[in-house]
Amino acid sequence: MNRFVRRAPHRAATAVAAAALVYLASTAFAAWEDHERLTREALLAQLSRVPKSGQINLKAKNLSDLDLHGINFQGADLSSGVFNGANLRGANFDNANLTVAFFEHADLSGASLRNAVLFSVQMAGGILRGANLSGARFIGDLKNTDFTDATMTHMKGAADMKNQSMGLMRTSMVNATAVNADLSDSDFSRAEFTFSNFSHSKMINTRLFRADFSGSNLTGADLTGAQLQDAQLVNVDLTNADLSNADLTGANMQGVQGLESATKTGARGLQ
């Protein structure tokens, strides 16, 4: 540490900290200043006016921290929308376009997002307990999210291999909770599922090629027929998991726990 900084007076340090807070606050505001801020009433008014095209255009709207529970957004274009901190319990987003939308710390418990497009979505800290995302296209940040009892079947969550110039765009579910969630028949190839709780979840016939589960809890999970080729299963707990007919060819299973209690009938790639 620079000795001049270390010896700076307390008053000066306080002034610097205050300036930093002002800067961060202004930056956070500036991030959405080009997004039209709507109230719940204004939103409902726009949703009531269905255009001839049949798709309601609600692009780049700022709906953060609003009570929007139970609202029907079905089929709407909500791309670049901001829902951070909003109450969206029981809301309907079926077939909606949510490309580059923000749902950080939003409550989507019991919401329906069937066949929605969630490309490059930010859901860090979100609550999706009992939500239905079946058939959705998903690439985004799910850090610290809660998917307990969620339905995530037939999802298209594999990494986007067409945008490598931007870095690997993939589903990133780190430190998340997906207890009793159903991810069956989905494609989460190259997804990041590290340090998450998937206990008693279902991943039947799920494509998990090169997915990273390092440090995660898969106790009692049903992985029947799962495709785990070249997956990272480092320090994963597979106690009482069902690996029947799963393909683990090339999987890194260093430090795996509970494998002796797992069902392994027909499993391939186990050493």
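1. Among contacts in the protein between residues at least 6 apart in sequence, 17% join residues at least 24 apart. The structure is a predicted model, and the points below should be read as describing that model.

2. The protein has three helices and four strands. Starting at the N terminus, their order is α-α-β-α-β-β-β. Of the 271 residues in the protein, 46% are buried. The exposed surface comes to about 13,000 Å², and carbon and sulfur atoms supply 50% of it.

3. A word on confidence. The average pLDDT of the protein is 88, and 86% of the residues score at least 70. Among the elements, the lowest mean pLDDT, 40, belongs to helix α1 (residues 3-6), while strand β2 (residues 61-62) has the highest, 97. Residues 1-30 have a pLDDT below 50, and this stretch makes one contact in the model beyond near neighbours in sequence. Where pLDDT is low, the predicted coordinates should not be read in detail.

4. An α-helix has 3.6 residues a turn, so residues three or four places apart point the same way.

5. Asparagine 57 sits in the loop between α3 and β2. Is asparagine 57 buried or partly exposed? Its relative accessible area is 49%, and asparagine 57 is therefore partly exposed, since the cut-off for buried is under 20% and that for exposed is over 50%. Not counting residues up to four places away in sequence, asparagine 57 touches Gln46 and Asp77. A polar atom of the asparagine 57 side chain lies 3.1 Å from the backbone nitrogen of lysine 59. Asparagine 57 and leucine 47 are ten residues apart in sequence, with a C-alpha to C-alpha distance of 9.0 Å.

6. Next, the aromatic rings. Rings pair if their centres lie within 6.5 Å, and by this rule there are ten aromatic pairs. One of them joins phenylalanine 188 and phenylalanine 193, with 5.5 Å from centre to centre and 70 degrees between the planes, an edge-to-face arrangement. Phenylalanine 188 and phenylalanine 193 are both buried.

7. How are the rings of phenylalanine 198 and phenylalanine 213 arranged? Their centres are 5.7 Å apart and their planes are at 70 degrees, so the pair is edge-to-face. Phenylalanine 198 and phenylalanine 213 both lie in the segment after β4 (137-141), so the pair ties together parts that are 15 residues apart in sequence. Phenylalanine 198 has a relative accessible area of 0% and is buried. Phenylalanine 213 also counts as buried, at 0% relative accessibility.

8. Elsewhere, Phe73, Phe83, Phe93 and Phe103 form one aromatic cluster.

9. Glutamate 192 is found in the segment after β4. Which side chain makes a polar contact with the side chain of glutamate 192? That of serine 172 does, at 2.8 Å. Leaving aside neighbours within four places in sequence, the residues in contact with glutamate 192 are Arg170, Thr171, Ser172, Met173, Val174 and Asp212.

Terms used:
Residues are numbered from 1 along each chain as its sequence is written. This is a predicted model: local features need pLDDT of at least 70, side-chain atom pairs count only at pLDDT 80 or more; totals for chains, interfaces and linings use all residues. Side-chain values use heavy atoms; hydrogens and water are left out. Rings of Phe, Tyr and Trp (its six-membered ring) pair if their centres lie within 6.5 Å; planes under 30 degrees apart count as stacked, over 60 as edge-to-face and the rest as tilted. Buried means under 20% relative accessible area, exposed over 50%, partly exposed in between (1.4 Å probe, protein chains only). Helices (H or I, at least four residues) and strands (E, at least two) are DSSP runs, numbered from the N terminus. Contact means heavy atoms within 4.5 Å. Accessible areas come from the Shrake-Rupley method with a 1.4 Å probe; for residues, only the protein chains shown count as cover. A polar contact is a pair of N or O atoms within 3.5 Å; within protein, one must be able to donate a hydrogen and the other to accept it, and residues adjacent in sequence count only if both atoms are side-chain atoms. pLDDT is the predictor's confidence in each residue, from 0 to 100.
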